[in-house]
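Keep the viewer open as you read.

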Amino acid sequence: MQENSALLSGTPSKASRILAGLSVLLLLPFLPIVSVSAQDVYSPYADRSYPVNVYWGDTHVHTSFSADANQYGGNTVTPTIAYQFARGDRVQTKTGKPVRLRRPLDFLVIADHAGALGLAASIQNSDPALMETEAGKRLLDKFRAYQASPGDPTASWEFQTAMGTEGPKLGLGYKQSIWRTVTANAEAYNAPGIFTAFIGFEWSSSGRISGVFGNLHRVVIFKDDAAKANRIVPISARDSSNPEDLWRFLEGYQQMTGGEVLAIPHNGNLSNGEMFALTKFDGSALTTDWAMTRSRWEPLFEATQLKGDSETHPVLSPTDTFADFETWSSWAGAKADPNHACCKQLKSEGFVERKKAEYARSALKRGLDLQVKLGVNPFKFGMIGSTDSHTSLSTADNDNFWGQWVSKGPSPTRMAEQFSPGWGPPNWETGAAGYAGVWADENTRESLFAALKRREVYASTGPRITIRFFGGWGYTAEDAQRPDLARIGYRTGVPMGGDLTHAPTNTAPSFLIRAVKDPDGANLDRAQIIKGWRDQKGGLHEKIYDVFLSDGRKVRGNGTADPVGSTVNIQDASYTNTIGDPELAVTWKDPDFDPEEPAFYYVRVLEIPTPRWPAYDARFFGVKDIPDEVPMITQERAYTSPIWYTPDEG
């Protein structure tokens with residue numbers, strides 16, 4: 001921020017200015033030397049040490065270097081195009097259509113799958129490193145046969161089989177060659193202060209349940225440059241499906257290089273009850289060492305993306321009016337009784353218990369319990385959003401949504417098609433989400449990575465809503481209206497991702513919240529605080545507080561409030577900002593605080609209703625007779641990382 005300079009009244013003549021200058025020079029030997037202490041500095045921001053910028057990015061994009069995106073979805077769009085698109089360039093999709101973001105992103109992580117990393121693209125391009133191996137030559141022969149007979153199921157099957165059998169035989173030299181291409185691409189597009197390109201990959205474990213495709217995937221992000229990252233090759237689920245082996249790999253990397261790295265779990269909603277399970281991968285009991293290790297390497301969770309939202313589920317939060325948002329109960333989509341072969345084993349009893357191990361809010365509650373039992377909270381994570389796009393395009397806006405796969409780009413029929421060729425839920429269940437907001441000092445790898453580690457981040461389903469969230473012991477109602485809210489927040493409390501301890505006697509925590517609408521988006525409906533806590537008997541609870549309602553609405557005595565209304569015109573795929581507020585600011589004190597009960601608090605901010613992407617498709621392509629089950633309206637939102645309260649020991 002720039003301070004306005006005070007202006008002197010009047011315009012002195014040139015002669016008088018020269019004489020004044022000479023007078024000062026003549027007096028200099030006789031003027032006393034005055035020392036200025038820190039508190040005497042005129043600029044109140046001279047010693048500012050807190051972040052003032054929120055940076056927007058996507059930590060989860062797949063390109064032609066991911067085998068599933070390339071072969072399954074037909075994506076031959078390279079990582080370089082993904083970087084260009086994210087930084088705001090106009091590019092062409094695989095189908096030749098022009099596409100561009102409304103506003104550039106500040107950072108990107110290309111997280112191509114470590115398993116068969118770059119292999120499909122190498123085959124297509126007859127990569128010399130591939131041709132140096134006998135396995136590579138055999139793969140290329142199968143690929144050419146497949147190209148010569150694209151409709152022949154035998155040729156297709158033989159090529160896909162060869163990918164699985166010959167790929168692992170390619171050797172370390174080939175893997176190093178591909179990984180160095182990945183890191184070189186990131187180096188080429190990393191521009192400190194302008195655009196940050198992190199080096200990363202995805203470790204894609206399918207879980208431990210035999211015959212069932214689960215999801216224990218993690219995106220791995222390096223703070224470091226290629227010189228350090230090139231000293232390893234990525235670990236894949238072919239090496240191990242156990243997250244503990246991934247953590248050992250990360251530990252080995254840091255010890256060998258002196259660098260820094262972290263992992264972000266995603267798609268907890270599709271993990272078949274495994275992401276936040278109360279046992280280890282091998283079924284044994286959780287231990288303090290295990291909890292410490294997970295907490296160290298996984299400070300974040302991807303709470304929203306295109307394959308459903310993972311904040312909470314309606315069966316877990318039945319009193320939460322807004323819990324049923326972009327819900328996928330399994331790989332079969334929103335259906336609570338999935339029929340797809342990969343999910344049939346999960347149709348029986350235990351549905352609710354599995355959901356508790358899949359969603360952020362229930363995991364955060366479990367973490368409070370484990371903190372008491374193990375002495376460490378393994379599920380003490382901040383929340384971000386990212387897309388998991390397999391098109392090379394990071395698009396999370398409903399009016400500019402290009403789907404999960406290249407084959408699911410804008411078309412008159414895509415909403416009625418299946419999510420993936422031959423299986424999955426109807427494609428209209430795919431959500432246009434999400435992005436990560438990061439409070440950092442500057443747009444560099446070092447600064448952004450530090451913010452990720454300290455959890456000063458939040459998740460958005462797409463809109464770039466600006467949110468400040470602080471917890472402390474003495475915020476006042478007037479603080480929320482102060483122009484220097486952030487200074488007050490940091491000076492006397494902790495930001496999102498932080499910890500509150502040492503509760504003063506007879507004092508409940510107070511929370512300082514400010515949310516500002518996306519400047520190119522919809523007004524805001526409300527701000528809510530989600531509280532979870534563990535009572536002294538070990539019971540886990542949650543409660544939603546409407547702490548600010550737009551348009552002057554008030555919470556009734558029974559805790560309910562009138563909806564904000566809707567201005568959406570589905571036929572035109574339009575809305576107006578004639579309802580809602582552009583900014584919400586409030587100080588809130590917990591009326592139900594018990595200093596003996598550990599708790600967490602996070603903020604959920606909701607926009608007013610807006611058109612969902614099928615409405616934009618219908619308008620553009622003139623689609624008629626859309627089934628009633630297709631939601632055409634959405635209410636987008638953002639979730640901050642929590643602030644935790646821990647009672648003093650003893």
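Which strands each supply at least two residues of the lining of the second largest pocket? They are strand E19 (524-534) and strand E20 (540-549). Before going further, a word on the ground rules: this is a predicted model, where local features need pLDDT of at least 70, side-chain atom pairs count only at pLDDT 80 or more, and totals for chains, interfaces and linings use all residues. Residues are numbered from 1 along each chain as its sequence is written, and side-chain values use heavy atoms, with hydrogens and water left out. Helices (H or I, at least four residues) and strands (E, at least two) are DSSP runs, numbered from the N terminus.

Back to that second largest pocket. It holds about 500 Å³ of space, and of its 24 lining residues, Thr319, Thr321, Gln528, Asp546 and Gly559 lie nearest the centre. E20 gives the largest share of the lining, five residues. By type, the lining divides into eight nonpolar, six polar and 10 charged residues. (Ala, Val, Leu, Ile, Met, Phe, Trp, Tyr, Cys and Pro count as nonpolar, Asp, Glu, Lys and Arg as charged, and the others, Gly among them, as polar.)

What counts as a pocket here? On a 1 Å grid over the protein atoms alone, a pocket is an open set of points with protein on both sides within 12 Å along at least five of seven lines, while a cavity is a set of points where a 1.4 Å probe fits but cannot get out; lining residues have an atom within 4 Å of a point. Grid points are joined across faces, edges and corners, and a volume is the space filled by probe spheres set on the points.

Now for the largest pocket, with about 760 Å³ of space. Its lining has 34 residues, and the closest to the centre are Asp68, His113, Ser204, Phe213 and His217. Helix H2 (67-72) brings the largest share, four residues. This lining splits into 13 nonpolar, 16 polar and five charged.

Of its 17 lining residues, Pro243, Glu274, Thr279, Phe281 and Arg294 are the closest to its centre. Helix H10 (243-257) and helix H11 (288-297) each supply at least two residues of that lining, with the largest share, three residues, coming from H10.

Stay with H10 for a moment. Its buried residues (under 20% relative accessible area with a 1.4 Å probe, protein chains only) include Pro243, Trp247 and Tyr253. The buried residues of H10 pack against several elements, among them strand E5 (196-203) and H11, where contact means heavy atoms within 4.5 Å.

Finally, look at strand E1 (residues 53-61). Eight of its nine residues are buried, so E1 is largely enclosed by the rest of the structure. E1 pairs (two strands pair if DSSP finds at least two bridges between them) with strand E13 (residues 435-440) in the antiparallel sense over five bridges, and Val54 stands opposite Trp439 in E13. E1 also runs parallel to strand E4 (residues 107-110), joined by three bridges. There, Val61 stands opposite Ile110 in E4.

Conventions: Buried means under 20% relative accessible area, exposed over 50%, partly exposed in between (1.4 Å probe, protein chains only).
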